[in-house]
Every structure is written in C-alpha cells, then in structure tokens.
Amino acid sequence: MKFFLFLLFMLTTGFAQSQQEITEAELTQHIEFLTAEELKGRYPGTPENDSIVNYLVDDFSKNEISVLVQEFEAQMRKDSFIVKTYNVLGLVEGNDSILKDEVIVLGAHYDHLGMKGDSIYHGADDNASGIAALLEIAEKVKAHQNELKRSIIFIAFGAEEQGLLGSQFFVENPIVPIDQIKLMMNMDMLGHLNKEKHLYMGGAGTFPDGVELMKSLVNSDELNPIVHAGGVGGSDHISFYRKGISVVGFHTGGHDHYHQPSDTIEYLNIPGEVKAANYIYQALIEIATSERELEFIEQD
C-alpha cells in the first residue's frame, strides 16, 4: 500500500463553538446523511465514499478540531479490485506537559457494503451509529479540551468491512510513535440498545483496573453495562490489540437487520444511543483527564 497524508487543517477562529451535550437531533442528522440513498451504501473507492470523507472533514473543522486525512489503497473482497479510500482523523491535544504525549484513540468505521443488485445496504447501525457517536463525542470533548491531560485522536476508519483495512493501515502508518498510543476505544453498532439497556464491551481487562472503571461509571437507570475483560471481538480495535495496545470495543448487540438492506434508521433506538454515547464519553474523559496508569495486559 502507498501512504499519503494530506489535508491538514490547523484551525483558527470563525467557527461555531462546540456544544456541551450529545443530542438526539444531531445523532439523527448524521445517521440520515450517512444512510441516504444517494450514498449507495458507503462503498469504498466510490464518489459517494468521497462525499462522506468531505462530510467528516467539515464536521471536525466546524468544531475547531484539527483534521488529518490518510489515503490508502484497499483490495475489495468481492472482486479483488484495488481502490483508494481514506481514514479521517480529528486531533485534540492534551495539556499536561508529560501526559499529552500519551494518546487515546476513539474510533468507528464509516464504510459499509454498498449495493447488491438494486438493493442498497444502508448500514444505519453498522456503522452510521458509531460514526454519529464519534462526531458527537468529539464535539463534546473539544468543548472540554482544557480539562485533558492526555491527547485524543478521533478516527473514522475506511474499509473495515473489507477486512479491517483502515485500522490496519493506521497502525502500520501511525501519525505518532505507536508506543505513545496507550488505549484504543472502538464503537461499532450502537443503535440497538435493548429494553434491558445492555451496552456490551470487550477488552476492558487489557489495561489496569479497566473492568472496575467501566462498571463504576454507570447510572443503572440509564445503562446496564456488560463488561468483559477479554472477548476483544472482531472490529477495528483488533488491529490495535495485535500491536500490543489496550483496547475496549463497544456495541449494543446483534439483530436481524445486520448486513441486510433493512438496516435503516427507523429501526434504531436513538434515545438509547444518546445514553451509550454519553457513557463512552464519560469513560474517555475519565481516562484522558486522569493520571491512571495505562499499560497493555494481554487477554484471551
């Protein structure tokens, strides 16, 4: 794969202030855009894919988050074609003179399966829901940047459905030394919070006291976290785990619409996603504003 970095925005004034709250309205707005028929299922290497990249860049930029775009080549599973696609990174620097060199990554993939015949695979839960949460959490973090000790990189990964290609590319071509990345938190399918309010997470035991932390953050009226020390799972955080980086993967569980054209916004639990996104924000900010030790612990 060839490696390119471009489109670096060091932002100044003139943009709207980042908001303090994660809202149903903005989550819905992001998901409606990402699942629109005009985007034809967000398939890598298409003009529609490029439109999504522009949308992500614009959203980070309007919130005064510095943006970096990685271009890479990806081989498609269905026909072995090689296409160009992208990771979109938002950068928020910490304030501690030492800990700002330690990085937490919060990620989600934006691609989906495209079209099969006349059917559009919209991918509302998989993973427009994760990207919507990524953008909303990034906006809220930016509003609280003065509280951060550690730095945060928000990454919208391309070509996850083709074999975790965007995250694999990033860990082979990191924008900071790989040993400075202390934790990767991944969001893949946050839109189907069930009536038991289960938010599932795997890998919480890959850093010290991670399981205890994840269990301590919850209000039982809001969420019922199902916390696994191992069970790292099969999304983009795997690429980081294989590099000896601590990870936590978040999701709200499987359903009959998975990888079907029926994975559309009307089946999502948007109020439930607000709860999930607020929990993930709380976990992220707790780690990024503290001096807690972060070191890799291997799990099953």
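User: Which word describes how α3 and α7 lie to each other?
Analyst: Heads-up: this is a predicted model, where local features need pLDDT of at least 70, side-chain atom pairs count only at pLDDT 80 or more, and totals for chains, interfaces and linings use all residues. Residues are numbered from 1 along each chain as its sequence is written, and side-chain values use heavy atoms, with hydrogens and water left out. Helix α3 (residues 124-143) packs with α7 at an angle of about 50 degrees, where angles run from 0 to 180 degrees between N-to-C directions and axes are lines fitted to C-alpha atoms, for helices over the stretch in contact. Under 35 degrees counts as roughly parallel, over 145 as roughly antiparallel, 65 to 115 as roughly perpendicular and the rest as oblique, so α3 and α7 are oblique.

User: How many nonpolar residues does the contact of α3 with α7 have?
Analyst: On the α3 side you'll find S129, G130, A132, A133, I137, K140 and V141, meeting E273, A277, N278, I280, Y281 and L284 in α7 (contact means heavy atoms within 4.5 Å). Ala, Val, Leu, Ile, Met, Phe, Trp, Tyr, Cys and Pro count as nonpolar, Asp, Glu, Lys and Arg as charged, and the others, Gly among them, as polar. Sorted that way, three are polar and two charged, and the nonpolar count is eight.

User: Which way does α1 lie relative to α7?
Analyst: Helix α1 (residues 24-34) and helix α7 (residues 270-288) have axes 9 Å apart and pack at an angle of about 105 degrees. Helices here are DSSP runs of H or I with at least four residues, strands are runs of E with at least two, and numbering starts from the N terminus. That angle makes α1, relative to α7, roughly perpendicular.

User: What does the buried side of α4 pack against?
Analyst: Helix α4 (residues 165-172) has six of its eight residues buried, where buried means under 20% relative accessible area, exposed over 50%, and partly exposed in between (1.4 Å probe, protein chains only). The buried ones are L165, G166, S167, F169, F170 and V171. They pack against β2 (66-75), β3 (82-92), β7 (151-157), β8 (181-187) and α6 (237-241).

User: Which residue in β7 does L89 stand opposite?
Analyst: Strands pair if DSSP finds at least two bridges between them. On one side, β3 pairs with β2 in the antiparallel sense over ten bridges, and V67 stands opposite G90 in β3. β3 also runs antiparallel to β7, joined by five bridges, and there L89 stands opposite I155.

User: Is S80 buried, partly exposed or exposed?
Analyst: S80 sits in the loop between β2 and β3. S80 isn't a glycine, yet has a positive phi of about 65 degrees. With a relative accessible area of 42%, S80 is partly exposed.

User: What is the relative accessible area of D209?
Analyst: D209 is found in the loop between β9 (198-202) and α5 (210-216). Its phi is near 60 degrees, a positive value in a residue other than glycine. D209 is exposed, at a relative accessible area of 52%.

User: What is the relative accessible area of H122?
Analyst: H122 lies in the loop between β6 (119-120) and α3. Not counting residues up to four places away in sequence, H122 touches L34, T35, E37, R42, H112, P261, D263 and T264. H122 is buried, with a relative accessible area of 14%.
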